[in-house]
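Me: I'd like to learn how to read side-chain features in a model. Can we take them one at a time?

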Amino acid sequence: MSAWDALVGAFALPFMARALVVMLVLAVVAGVVGVLVNLRGLEFISDGLTHAVFPGLAIGLAVGGTAGLLPGAAIAALAAAVILTLLVRSGVASDSAIALVLTATFSVGVVVVSKSDDYAGELEALLFGRVLTIPADQVVPLVVVGLIALAAVGLTIKQQLFRAFDARGSRAAGDSSLVLDLVLNAAIALVVVAAAATVGTLLVLALLIVPGATARLLTGRMWWLFPAAAGFAAIASWLGLAAGFAASVGAGVDLPSGAMIVAVFVAGYALVLVVRLAVDAAQARRGRRMPRPAGTAGPIVDTTPPEGVSA
């Protein structure tokens with residue numbers, strides 16, 4: 001199989017096209033929301049919301065089949081977002097609150113799934129996703145969920161950034177921290193809902209965390225973080241789907257597409273990190289060198305006196 005067939009030709013197939021559309025929308029939304037998650041240090045809360053979606057997925061699947069996945073997950077995620085926000089604001093330690101919600105909801109989900117005739121198959125699908133088998137009638141609802149999350153963050157983006165860098169100043173300016181926290185946690189929950197129905201609950205966190213962390217390595221300009229994260233996530237999603245297709249069809253190796261997407265995300269982050277470290281090291285070396293005066297020869301010697309010693 002040629003590279004062109006894997007990167008472009010594969011998406012002429014209807015199931016690959018549906019997967020690509022959903023993943024591109026989800027990648028852009030997760031990239032934007034993930035920047036705020038990174039700036040606010042909400043990775044653990046995101047993990048709690050990810051696990052809180054699991055019982056909603058399980059109950060939705062048990063009641064309505066695949067058509068019940070999205071509404072079940074949405075109800076569970078939004079309820080968990082509100083509960084987590086109120087628990088943290090009530091004085092309960094955030095780690096304790098998240099651990100409480102995480103363990104309780106995940107155990108409920110496992111109990112529900114255990115009642116299924118195909119326990120192992122259903123559990124695997126919920127944990128690791130079904131990106132290549134997204135029904136045609138689920139594409140629009142998944143896209144809508146992602147766009148709602150993007151709109152919620154977009155309408156409050158300046159206030160969210162203000163709160164991320166100066167919480168006291170944000171409150172003094174009249175911003176409601178409760179409203180901003182609820183909006184951001186609800187947006188995270190909606191991203192988790194859409195992602196859990198595609199790449200699975202165990203892999204959702206990579207979509208929320210890796211693009212924002214990568215963007216922080218790529219640029220130090222605040223407003224460039226969002227397009228950088230969204231662009232990285234979109235490219236990684238496309239390459240992940242293409243790599244999974246090439247491995248399965250071209251090489252005959254059956255690899256989960258959701259896991260391949262996450263693997264490309266992590267590999268992309270690792271590559272950017274190595275380049276960033278190399279660039280920083282080169283800049284540091286250049287910074288230690290003194291400019292050579294015109295007409296002189298020989299090695300450049302740094303004549304700056306040691307700290308505490310006058311020239």
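This is a predicted model: local features need pLDDT of at least 70, side-chain atom pairs count only at pLDDT 80 or more; totals for chains, interfaces and linings use all residues.

Me: Is Phe226 buried or exposed?

Reply: Phe226 is buried, at 7% relative accessible area. The cut-off for buried is under 20%.

Me: How many aromatic pairs are there?

Reply: Two aromatic pairs. Trp223 and Phe226 make a tilted one, with 6.0 Å centre to centre and 35° between the planes. Phe232 and Phe265 make an edge-to-face one, with 5.9 Å centre to centre and 80° between the planes.

Me: Why is the pair of Phe232 and Phe265 called edge-to-face?

Reply: Planes over 60 degrees apart count as edge-to-face. The angle here is 80°.

Me: Where in the chain do Phe232 and Phe265 sit?

Reply: Phe232 is in helix α12 (residues 225-250), and Phe265 is in helix α13 (residues 257-288). They are 33 residues apart, and the pair links distant parts of the chain. Phe232 is buried at 14% relative accessibility. Phe265 is buried too, at 1%.

Me: Now salt bridges. How many does a search of the whole structure find?

Reply: Three. The general idea is a side-chain nitrogen of Lys or Arg within 4 Å of a carboxyl oxygen of Asp or Glu. Arg40 and Asp181 meet this way, at 3.0 Å from N to O. Arg40 lies in helix α2 (residues 14-40) and Asp181 in helix α10 (residues 177-196), so this bridge ties together parts 141 residues apart in sequence.

Me: Which other residue forms a salt bridge with Asp181?

Reply: Arg163, with the closest N and O atoms 3.0 Å apart. Arg163 belongs to helix α8, so here the parts tied together are 18 residues apart in sequence. Asp181 is buried at 10% relative accessible area. Arg163 is buried at 13%.

Me: What about Asp280 and Arg276?

Reply: They form a salt bridge, and their closest N and O atoms are 2.9 Å apart. Both are in helix α13, four residues apart, so about one helical turn separates them. Asp280 is partly exposed at 35%. Arg276 is partly exposed at 24%.

Me: Which residues do shared partners join into one network?

Reply: Arg40, Arg163 and Asp181.

Me: Last one: contacts. What does Gln160 touch?

Reply: Leu36, Arg40, Leu180, Val183 and Leu184, leaving out residues up to four places away in sequence. Gln160 lies in helix α8 (residues 157-165). Gln160 is buried, with 2% relative accessible area.

How values were computed: Residues are numbered from 1 along each chain as its sequence is written. Side-chain values use heavy atoms; hydrogens and water are left out. Rings of Phe, Tyr and Trp (its six-membered ring) pair if their centres lie within 6.5 Å; planes under 30 degrees apart count as stacked, over 60 as edge-to-face and the rest as tilted. Buried means under 20% relative accessible area, exposed over 50%, partly exposed in between (1.4 Å probe, protein chains only). Helices (H or I, at least four residues) and strands (E, at least two) are DSSP runs, numbered from the N terminus. Contact means heavy atoms within 4.5 Å.
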